[in-house]
Amino acid sequence: MAKLCLLGATGTIGDNTLAVIAQQPEQFTMVALTAHRNVDKMQRLCAQWSPRYAVMADDDAAEQLQQRLKHSDTRVLSGLGGLNYVATLAEVDTVMAAIVGAAGLLPTLMAAKAGKRILLANKEALVMSGQIFMQAVQENHATLLPIDSEHNAVFQAMGGQNQARDLKKIILTASGGPFRQKTKDELHHVTPEQACAHPNWVMGKKISVDSATLMNKGLEVIEACWLFNTDSDKIEVVIHPQSIIHSLVEYADGSFIAQLGQPDMRVPIAYSLNWPKRLNSGVKSLNLTQMNALTFEAVNRQNFPCLDLAYAAFKQGGTACTVLNAANEIAVAAFLNRQIKFMQIPHVIEQTLSRMDNQPALNLQAILAADTQARATATALI
Ligand code: NDP
Ligand code: MG
């Protein structure tokens, strides 16, 4: 029976995780649920799942939850201290890392240092501190399983491992997002509402905007380099609008191995929750004979410059990926607040990268300093 800490329980990955667990609740113990400020949803989740701990990252929200749960057995904790505490509890063996953005880094890293089985949705943690994170996983014998559908597909195509012999290439598929067919002129005028209306997936706002700019794919290229210990030259991105083939690997002999399925996050979540065995995800079967054609096309790199910014940051190394990630978070938040236009997102990221000195990413302090400085630089630019 897995003893679970669910970081980011109130988000869309949180919803999908709980939906999979609800199919076979007897196989899981819910030790901890965490959120940021959404007290109403957390109260409902605590009533349903009776976790031993509930953590609100925001102190005021924690106080409110504490009031509402004062007659329950759930212990309410707050802040980063609370997140780190539940991610490293001896009674937890599996940590679902589904906080969005850089806020997820420290608790996920703590879980790695505590040798947990980490189900990684929070790709930003790996993008901003790949080397340190992977080192913590290796030194502490943690297990890292990718939740991102593309990486989960690659992991499956490599036979449930993160390293494959005679690998030639990893091919990450991308739906192309809601603006795949727009002209550059049209892209200047798109709204946050349009950016968040993804054609194939229901996701949080930040990753929805990332999918629309293709920065999500850029972050995923970096994530794949770290997860599968490979250089970015071996990672290719291809547009596949139907989101049925979740990614592929090519081997030296010309074999391509792909993973297919419904575009539904419950599939990779179920796979990782019970790896190496399989669980019922609750997702309906793909009907191959009723499916539309599966098509592929090249990325339009002029309209979606974020992808190449990510490749370049990985090549540059040091703190460049930390800066890329931080500038992107600030630019996406500003776009959602209507402070900048859609096509200014890559501009803010590029300018932030060019204004900051690249530093060696030697330790966590260097990463956090680069993150803070990049946020200040991007904010000033906006
Ligand atoms: P959501 O925005 O739906 O949920 C984010 C979760 O993180 C919520 O529980 C939120 O709490 C919590 N949170 C937000 N800010 C903080 C903070 N400062 N401190 C602590 N907790 C915080 O995001 P998603 O579920 O869509 O995505 C989560 C992660 O998974 C992201 O890294 C994303 O890239 C990745 N991912 C998501 C996929 C998807 O299909 N959604 C697919 C692949 C990867 P509250 O509700 O209280 O704000
Ligand atoms: Mg993905």
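This is a predicted model: local features need pLDDT of at least 70, side-chain atom pairs count only at pLDDT 80 or more; totals for chains, interfaces and linings use all residues.
**Aromatic pairs**

A pair of aromatic rings is described by two things: the distance of the centres and the angle of the planes. A search of the whole structure finds six aromatic pairs. Among them is the pair of Tyr 53 and Tyr 85, which is edge-to-face. Its ring centres lie 5.8 Å apart, with 75 degrees between the planes. The angle is over 60 degrees, so the pair counts as edge-to-face.

Where do Tyr 53 and Tyr 85 lie? Tyr 53 belongs to strand S3 (residues 53-56), and Tyr 85 belongs to helix H4 (residues 79-87). The pair therefore ties together parts that are 32 residues apart in sequence.

Are these two residues buried or exposed? Tyr 53 has 9% relative accessibility and counts as buried, because the cut-off for buried is under 20%. Tyr 85 has 37% relative accessibility and counts as partly exposed.

Phe 179 and Phe 342 form another edge-to-face pair. Here the centres are 5.1 Å apart, and the angle between the planes is 90 degrees. Both residues sit in loops. Phe 179 is in the loop between strand S8 (167-174) and helix H8 (184-187). Phe 342 is in the loop between helix H14 (320-336) and helix H15 (344-355). This pair ties together parts that are 163 residues apart in sequence. Phe 179 and Phe 342 are both buried.

There is also an aromatic cluster. Phe 155, Tyr 271 and Trp 275 make it up.

**Around ligand 1**

Which residues come nearest to ligand 1? Of the 24 residues around the ligand, they are Thr 10, Thr 12, His 36, Arg 37 and Glu 124.

| Residue | Atom of the residue | Distance to an oxygen atom of ligand 1 |
|---|---|---|
| His 36 | backbone N or O | 2.9 Å |
| Glu 124 | polar side-chain atom | 2.7 Å |
| Gly 204 | backbone N or O | 2.9 Å |

On its own, ligand 1 has 900 Å² of accessible area. The protein covers 86% of that area. Two elements give two or more residues each to the shell around ligand 1: helix H1 (12-23) and helix H6 (123-139).

How do the residues of the shell divide by type? Twelve are nonpolar, eight are polar and four are charged.

Methods: Residues are numbered from 1 along each chain as its sequence is written. Chains are lettered from A and ligands numbered from 1 in the order in which they are written. Side-chain values use heavy atoms; hydrogens and water are left out. Rings of Phe, Tyr and Trp (its six-membered ring) pair if their centres lie within 6.5 Å; planes under 30 degrees apart count as stacked, over 60 as edge-to-face and the rest as tilted. Helices (H or I, at least four residues) and strands (E, at least two) are DSSP runs, numbered from the N terminus. Buried means under 20% relative accessible area, exposed over 50%, partly exposed in between (1.4 Å probe, protein chains only). A residue is near a molecule or strand if one of its heavy atoms lies within 4 Å of it. A polar contact is a pair of N or O atoms within 3.5 Å; within protein, one must be able to donate a hydrogen and the other to accept it, and residues adjacent in sequence count only if both atoms are side-chain atoms. Accessible areas come from the Shrake-Rupley method with a 1.4 Å probe; for residues, only the protein chains shown count as cover. Ala, Val, Leu, Ile, Met, Phe, Trp, Tyr, Cys and Pro count as nonpolar, Asp, Glu, Lys and Arg as charged, and the others, Gly among them, as polar.
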